[in-house]
Amino acid sequence: MAAINIRRDVKDSFYRYKMPRLLAKVEGRGNGIKTVIPNMTDISRSLCRPPAYPTKYFGCELGAQVKCEAKNDRYIVNGSHDAEKLQKLLDGFIDKFVLCGSCKNPETDLIISKDDIIRDCKACGQRTPVDMRHKLTTYIVKNPPETKGKKNRGHADSGLNTPPSTEEGADGGSDDELTRRINADVAVLPTGDSLLADDDDWAEDTSPEAVAARMRELESSMNTALVMGDDDDDEGAGSSYELFGTWLEENRQASDEEILEKMEEVGMSKRHRAVQVIAQALFDDDIIKQIPKRSALLEELVKNEKDQKALLGGLERLIGISYQSLLPKTPVILKAIYDEDLIDEEVFIKWGSKASKKYVDKDTSKSIRKKAEPFITWLAEAEEEDSDEDDE
């Protein structure tokens, strides 16, 4: 399933924050007609909010009853509603309850008290209030995410519980009934097994140095957030990467010479960033066959370890964001890159040893490295055998 930008007003295909496109399935007929949202859990995980929140929001906006069956992973809105209509309503939920009111970044937690709900932004450090006049706020205050030793948060590391589901009206249901419940009517948002050491989680570090670093990252992202990685872009360089990336996606059949000419034309100032954009935008789901055809171009650009890491970063974004169906083929893709002698064994092994959120979110990074384990293991064992032969 193709991912879309969490902020749909951002047209940049390299925008960091993605979510699945909402699916809607109409069931029943007559008075029993209803709309099931089969991927609500996946959407909510991308937004770092409990699935019940956007479902209840739909009920409030449509004046319809909703049903949250967390145990069966079914989220239902009474009546017949098409996917695009619900997607537009979801845009409203994101704007009101997810995006930072200051920088419009979705990296926010909810801090919930009796009288207000605050969006705590981990990107710019600002805390902005939610409009408490919306009916959904009553439900959120009474049903905050249950946390483990942390403030109330909507993020996936919150350890949420799933009480029995109920059917309620657009106003969130009976207050008496709600007060008798466990104060969480949400689905479990799994964090995934800890693949490797995780020492750079933005949600944990609120030191002044970390906030300053995130501010630098935000300044870069405001120039369309085209590429993730080092914060050493030239001022205003984001537009050139966006132009180049968009051109590549529209001209994947262009020759190597034409691609190099386009790089010079748009003023690509950082070679390693160009390598990342090429890896993400030039290839598609047929990448295994395309790599040998583009090896000469990549060999021309990949000159050092920094370029090699950028190539891997672009592949992470291709696999983790643009073409998620490629995830099971990760070891084959890496082997194809290795066969073309584009990345050194040591760089591969170092990359596989630790997940990072430099190019994609941490969970996606872990998933990609998990799939890459057979290749990384094979590479490490081959290197050990070569070392033993040299010793002999």
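Modeller: Of the 392 residues in the protein chain, 48% are buried. Buried means under 20% relative accessible area, exposed means over 50%, and partly exposed lies in between (1.4 Å probe, protein chains only). This is a predicted model, where local features need pLDDT of at least 70, side-chain atom pairs count only at pLDDT 80 or more, and totals for chains, interfaces and linings use all residues. Residues are numbered from 1 along each chain as its sequence is written, and side-chain values use heavy atoms, with hydrogens and water left out.

Some background on the chain. Its secondary structure comes to 15 helices and 10 strands. These are DSSP runs numbered from the N terminus: helices are H or I with at least four residues, strands are E with at least two. The accessible surface is about 18600 Å², and 46% of that belongs to carbon and sulfur atoms. Areas come from the Shrake-Rupley method with a 1.4 Å probe; for residues, only the protein chains shown count as cover. Now take the contacts (heavy atoms within 4.5 Å). Among those in the chain with a separation of 6 or more, 65% join residues 24 or more positions apart.

The largest nonpolar core holds 44 residues. Such a core is a set of buried Ala, Val, Leu, Ile, Met, Phe, Trp, Tyr and Cys residues joined through side-chain atoms within 4.5 Å. Phe 244, Leu 248, Ile 259, Ile 278, Leu 311 and Phe 348 touch the most other members. Helix α9 (residues 271-281) gives the largest share of this core, 6 residues. Look closely at Ile 259. Leaving out residues up to four places away in sequence, Ile 259 touches Phe 244, Trp 247, Leu 248, Ala 254, Ile 278, Leu 282, Arg 294 and Leu 297. A second, separate core has 37 residues, including Val 10, Ala 64, Cys 68 and Val 98.

Glu 258 is partly exposed, at 41% relative accessible area. Its side chain reaches the backbone nitrogen of Ser 255 at 2.9 Å. That is a polar contact: a pair of N or O atoms within 3.5 Å, where, within protein, one must be able to donate a hydrogen and the other to accept it, and residues adjacent in sequence count only if both atoms are side-chain atoms.

Aromatic rings come next. The whole structure has 10 aromatic pairs. Rings of Phe, Tyr and Trp (its six-membered ring) pair if their centres lie within 6.5 Å; planes under 30 degrees apart count as stacked, over 60 as edge-to-face and the rest as tilted. Phe 93 and Phe 97 form a stacked pair, 5.5 Å centre to centre and with 25 degrees between the planes. They are separated by about one helical turn because they sit 4 residues apart in helix α3 (residues 83-97). Phe 93 is buried at 0% relative accessibility, and Phe 97 is buried at 1%. Elsewhere, ring pairs link Tyr 338, Phe 348, Phe 375 and Trp 378 into a cluster. Phe 348 also belongs to the largest core.

Loops reach the interior too. Phe 14 lies in the loop between β1 (3-5) and β2 (18-20). At 1% relative accessibility, Phe 14 is buried. Asn 39 sits in the loop between β4 (34-36) and α1 (40-47). Asn 39 is buried as well, at 3% relative accessible area. A polar atom of the Asn 39 side chain lies 3.1 Å from the backbone nitrogen of Leu 23.

Most residues other than glycine have a negative phi. Cys 48 has a positive phi, near 60 degrees, and so does Asp 341. Cys 48 lies between α1 and α2 (52-62) and is buried at 16%. Asp 341 lies between α13 (330-339) and α14 (345-352) and is exposed at 64%.

Finally, confidence. pLDDT is the predictor's confidence in each residue, from 0 to 100. The chain averages 79, and 73% of the residues score at least 70. Over residues 148-204 pLDDT stays under 50, and the model has 145 contacts beyond four places in sequence for them. Residues 230-238 also stay under 50, with 22 such contacts. Where pLDDT is low, the predicted coordinates should not be read in detail.
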